[in-house]
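Take a moment to turn the model around before reading on. Then we'll walk through a few of its helices together.

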Amino acid sequence: MMNNSGVVTNTAHSVDIDRLTKYTSGVNALVAQGGGQRGIFTAGVLDAFLLSDFDPFHRFYGTSAGALNLAAFLCRQKGIGRSFILDLTTSSEFFHLFSYIRSKQYLGLDWALDKICDYPYRLDVDMGRRVLGNNRQAFAAVTESSQLIDRYLPMLGPDWQKVLIASCAIPRLYEKEVEFSHGRYIDGGVSASIPVQEAWRQGARCIVVIRTEGDETPNSEPLVTQKSQVEWYRDSLNLVQEHWQQKLGQWKSDWNTFFSERIQRSKQDKQAKMLASLNGGRWLFGADDIYRLSHLIGDNVDSSLMDMLMVHYQTYSLTRDFLHSPPDDCYIVQIKPDQPLLSSSLMSDREELLHDYQLGLDAGLRCVEMFDQCNLTQVPLVSNFK
């Protein structure tokens, strides 16, 4: 069986260079996972790319904080992704737990995006558009709110701020769905926390994925285990969607039992504190932590939230399988920390964030060194790229 996946960390890499080289002459994609403040690791990786003048990618796909970091990378502004997380998301204007609990002061995404456009940051969106030009594309993953399926919106168009807010609009933490003429959207992390399958479906054959966690995270419990899961993504996109609709009803049935068990477990966890819970999850802090959070602010954990959690858990499980057993026609390189990051989704200490940023820098530089062996640092010409 062919091994078409490799890993680069801040300390080492495990990549079959000879095999990877066979896939770098086609369309290359860069994918960035979300993760809230853990995105400081991604900011470090991308700053290392900028320092090394490394950008061999044709397409870019990001979710939530991953999309924000990719925007900074495309605008060629080293340090701005780091500043967004280190300066803005640590401000009480962005999120304050007790204000949220007492008066539902929601996540300040609009405030943060306004700030990043102003002095002293001044995100250079015009530069980002020039970097993309006519031959490259960048997309932010969002979740269509009524069907809970993933969608991908162009990242640096006229409505770029609204697109980035939609990708980050975590239900229960952000006040509302984000409405466009073509639909209403919530956080892309619900349905596509790592939008690697979309990169593959759209023709990318060398895919670099920046992760903000390793597979040791103990919350990707699959609700349905079948041998055919990974093979879904080897079929056409239409067939994948057909499978999705067929399975959704079964997942919802399984989810009711699964969710009840998670709530019961959280009730029994007498020692867990709220802050520890926030530090422990991935998307919206995990199912049991959503129960605690909703209880604190007096919200009911209703069926719509249960559906979101169910979709997230199942799609993340499928994505993880895809990362480790990709189709034979592509090669996936994962960049991730060699140990769990110190930072959390929200309310991280500055020291933790700076530590994780350095891990990202180290991992990014190691990745550049690895790709140097493939003689690939800038966008290659691709005859079939449109």
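Why is α4 said to be largely enclosed by the rest of the structure? Because 7 of the 9 residues of α4 are buried, where buried means under 20% relative accessible area, exposed means over 50% and partly exposed is in between, using a 1.4 Å probe and protein chains only. The buried ones in α4 are Ile80, Gly81, Ser83, Phe84, Ile85, Leu86 and Leu88. They pack against α2, α3, α6 (109–116) and α15.

A quick word on what you're looking at: this is a predicted model, in which local features need pLDDT of at least 70 and side-chain atom pairs count only at pLDDT 80 or more, while totals for chains, interfaces and linings use all residues. Residues are numbered from 1 along each chain as its sequence is written, and side-chain values use heavy atoms, with hydrogens and water left out. The helix names come from DSSP runs (H or I, at least four residues), numbered from the N terminus.

Now let's see how helices meet. Two packed helices are described by the angle between their axes and the distance between the axes. Here axes are lines fitted to C-alpha atoms, for helices over the stretch in contact, and angles run from 0 to 180 degrees between N-to-C directions. For α4 (residues 80–88) and α15, the axes come within 10 Å and cross at roughly 165 degrees. That makes α4 roughly antiparallel to α15, since angles over 145 degrees get that label, under 35 is roughly parallel, 65 to 115 is roughly perpendicular and the rest is oblique. On the α4 side, Arg82, Ile85, Leu86 and Asp87 make the contact, and on the α15 side Arg350, Leu353, Leu354 and Tyr357 do; contact means heavy atoms within 4.5 Å.

Sorted by class, the contact of α2 with α15 has 15 nonpolar, 3 polar and 2 charged residues. Here Ala, Val, Leu, Ile, Met, Phe, Trp, Tyr, Cys and Pro count as nonpolar, Asp, Glu, Lys and Arg as charged, and the others, Gly among them, as polar.

Zoom in on Phe41, which lies in helix α2. Is Phe41 buried or exposed? Phe41 counts as buried, because its relative accessibility is 0%. Leaving aside residues up to four places away in sequence, Phe41 touches several others, including Ile210, Pro337, Leu341 and Gly360. Phe41 and Leu354 are 313 residues apart in sequence, yet their C-alpha atoms are 9.0 Å apart in space.

Helix α3 (residues 65–74) is mostly covered too: 10 of its 10 residues are buried. Just after α3, Arg76 takes a positive phi of about 60 degrees.

Finally, the cysteines. How many disulfides does the structure hold? There are 0, a disulfide being a pair of cysteine sulfur atoms within 2.5 Å. For Cys367, the closest cysteine sulfur is in Cys206, and at 9.0 Å it is too far for a bond. Cys367 counts as buried because its relative accessibility is 0%, whereas Cys117 counts as partly exposed at 29%.

Notes. Helices (H or I, at least four residues) and strands (E, at least two) are DSSP runs, numbered from the N terminus.
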